[in-house]
Amino acid sequence: MQTARDLKEYRGELKSALDNEFLRTAMDNFAVAYRASRAKAFAGMDVDGLVRDIAMAKDQAMARMDELLAEFTKNAEALGITVHVAGTGQEANEIIGRIAQNANCKRIVKSKSMTAEETLLNHHLEDLGLTVTETDLGEWIIQLRHEGPTHMVMPAIHLSRFQVADLFSDVTGTKQEGDIQKLVKVARRELRAKYAQADMGISGGNFAIAETGTIAICTNEGNGRLVTTLPRVHVALVGLDKLTPTITDALRVLKALPRNATGQAITSYVSWMTGPSECKAAPNGTKEMHVVFLDNGRRKLAKDPVFSQVLRCVRCGACANVCPVYRLVGGHQYGHIYIGAIGLILTYFYHGREKAKNLVQNCINCGACKAVCVGGIDLPRLIKEVHARIQDEEGHPLQSSLLGMVLKNRKMFHTLLRSARAVQKPVTGGTPYLRHLPMLFARGQEFRALPAIAEKAFRDQFEAIRPKTVNPKYRVALFSGCVQDFVYPEQAVAAVKILAKYNVAVDYPQDQSCCGLPVQMMGERESSRSVAEQNVAALDPAKYDYILTLCASCASHLKHGYPEILGPDSKADSRLAAKVRQFADKVIDFSSFVRDVLKVEASEFRVDGRKATYHAPCHLCRGLGVTEAPRALIGLGGLEYLPAEEEDVCCGFGGTYSMKFPEVSAELLKKKLANVEKTGAELLLTDCPGCIMQLRGGLEAKGSAMEVRHLAEALAERLK
Amino acid sequence: MSENTRLADMMAEKAGLVSAIVARIKTLDEAFAYTLDVCDKKEACQLLPSGCESDLSAEAGALCETKLGKIIAAPGLSADQTRAFGEACTKAGVEFLTEGMRSHLAGIDIGFTIAEAAIAETGTFVLDSRSEELRLATMICEVHVCVVPVSTIRETSFEVEDYLRQLAKDGPSYVAFITGASRTADIERVLAIGVHGPLELHILLLED
């Protein structure tokens, strides 16, 4: 639940979560175990194909939500189900309350439903004097603690066995020990008594199948089967997004949902309920059955050209499972009711701006969620969109508008950077780091040394080193990005050295500016769009074979971000959209260019046998899907590659994220450096200057001897 | 290898992965004998603490006390099967039930069913659960024994789709896909079997 009034309060909550040792260990173990079990569950399957099919089927279904609702209603009513549609959560609660009162029900058992969490159904029913018992073990535990879930599938993942034992001691009136198997059995007996007494059962629904009027639910515990069997009344509370045309659609999602949620091929129970079933506790021997559909913004979402894809969500929780920030802070801090990346988005639509405004800034944009989503939802982009919408509604913070304003004017931006170099001497103490930052900028930044602005920007060095080529093999435009231009020009210089050796003609168009990702991250859409246009104008794709960049974040933004920002769906005219397509197609990262286009060979590099490990930048391995080329280059370049654990987990940089949430950034970095140092390598290689800034800064701050290099530098140094 | 054998092997392997106990049988009488054997050993070894030995609240404890003797419930069998199994149970001194599960919510020893179909790739069997007695018998039992005729095993869930649809079009229905015993990992992600339903699941592959 989100109660923080502003970002400062929210950061305070994050800090206390970071101090929770149990939570941290539990989440770490889970994150590592989940990856392995998910991979095993999907082994041998065409996952990308399955994701595409699910996304397409969901999109088609959501486009005709009302039609499906009508079909479901017709079929369900013919079977004897009463169908209700609630506009809001409150309305849904009132409908269910009335059903209970009309049927004279007093005791209710519930199986797990995120939709009921969304409407805060239990509070309403309890206010009516009804007794409600959650029967999913995790849900029961958090109900006893009067708190919300911290995971959509494992609601009590934040609690230890001892906390559960204390709760159960209260329930049974006798002291319980922290033996998990015994605690589960205590729950079995205590809850069995609740089923026996209940006169109403409430479930959610994973699928509402229009062609047959069927509600299907997935559970592992089997509580869903008891909840829908013993009481004489059954109410299923289902979001309109769960409407699905056919059984085929449900079976298709069922192939992905349990595998992605918990690494299971299927849940222990899948119950397909078509119409009211036999019930010996009911006066006429047949259950009274109701389906309550919840809108609460879903109909509007279905019509939203940007956000309709969030309705593809199957509630597997995987976007939380892989999120490095969720892993650190847990679900109470990483959601309101819905948790994880999808929660950051849904909170805005289902629970409003106030609950979403802080949360939505806590995305480091590493793309891990997008890579794992079985609905293929572009979660990171939509999180930024929500942030931008909130800023448009509430007004932009000064810092963010200023940055937007400066970036829009390249000359002003570059002049500012050059002036910074001139005045930074007092804070560098002659080192390449900013040693004595004024307190205003240094707050929370002690975990890393921040680099100084370089003596001479790359743009001012380029003409002197431009390769002289005759009949060049390729014509390449180099896009340096701000960090290589002004902080680490030596990386771009190293790349030019390699390109020259392989007879590549290189151009460095001087009108290029920041790629715009930082302002996109901060919700400054207008300025993001403006710099994108400037760069496309500066680097005319028609003149080059490739647009090469050594920065993974720039590369992925230029390749995938630009077509979104300036593509056919945006306000751009069609000529610009076509040019942007051509531009994006020509963007290539350094590793892929060197290995796959230049096809460098090991014989061209000196072997010195030094041991190197690798950090996979988020925007390279997931943003561009490049995973093999950089690792292969380490070996080709004469180094010995020692793989590190969790190489593709974010280093914690995230651009402006690390300034806004330094505590989270510091923890991510700590974990990353621990994994890297465990390899025993002397060199840490990567291919993103942003990651280098973070990694090198972290190693410098802790006084480590490990060197951090861009792959381009490592290769250039060993080039024969 | 025949297609049936291939699917039966896959079913056995996948069900085994979710800790179901799989055995092969040639006749239904073998299934009855197997079940009585499980029932007999279960009682002897007390392998399956169902929670009643724990310290419970008065209400939950009271429900435990209503359970007496050994009970096998098999509500979904044909008249002949019911007679045969019933007699075998009586001979073994085990109470045999086909109805009245609501008076046994504290628990019964074994629920016995015959599946309509099975999905080999996930080790799942499909149970027509329209009967409330059958639904309850498979949930309040400590051990669920299900006979899966090999001829009904299909490889994927899409091959049982027509069956699901037909049943749904024929009027109210309740169909269950069951894969392994009732399980939870809600406390510290530690796997615990038998949170609400059976503590053990046996699948008997019947070569028909």
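Reply: Let us begin with one contact: the side chains of A:Arg381 and A:Glu564 form a salt bridge at 3.4 Å, N to O. A salt bridge here is a side-chain nitrogen of Lys or Arg within 4 Å of a carboxyl oxygen of Asp or Glu. The model is predicted, so local features need pLDDT of at least 70 and side-chain atom pairs pLDDT 80 or more, whereas totals for chains, interfaces and linings use all residues. Residues are numbered from 1 along each chain as its sequence is written, chains are lettered from A and ligands numbered from 1 in the order written, and side-chain values use heavy atoms, without hydrogens and water.

Me: How many salt bridges does the rule find across the interface of domain 1 and domain 3 of chain A?

Reply: The rule finds three across that interface. Domain 1 of chain A covers 7-38 + 317-393 and domain 3 covers 433-596; such bounds come from an automatic or database domain assignment.

Me: What area do domain 1 and domain 3 of chain A bury between them?

Reply: The size of an interface is often given as the accessible area lost when the parts come together. Here, domain 1 and domain 3 of chain A bury about 800 Å², 42% of it on carbon and sulfur atoms (accessible area with a 1.4 Å probe, summed over both parts). Twelve residues of domain 1 of chain A are in contact with eight of domain 3, contact meaning heavy atoms within 4.5 Å.

How values were computed
Buried area is the accessible area (1.4 Å probe) that two parts lose on being put together, summed over both.
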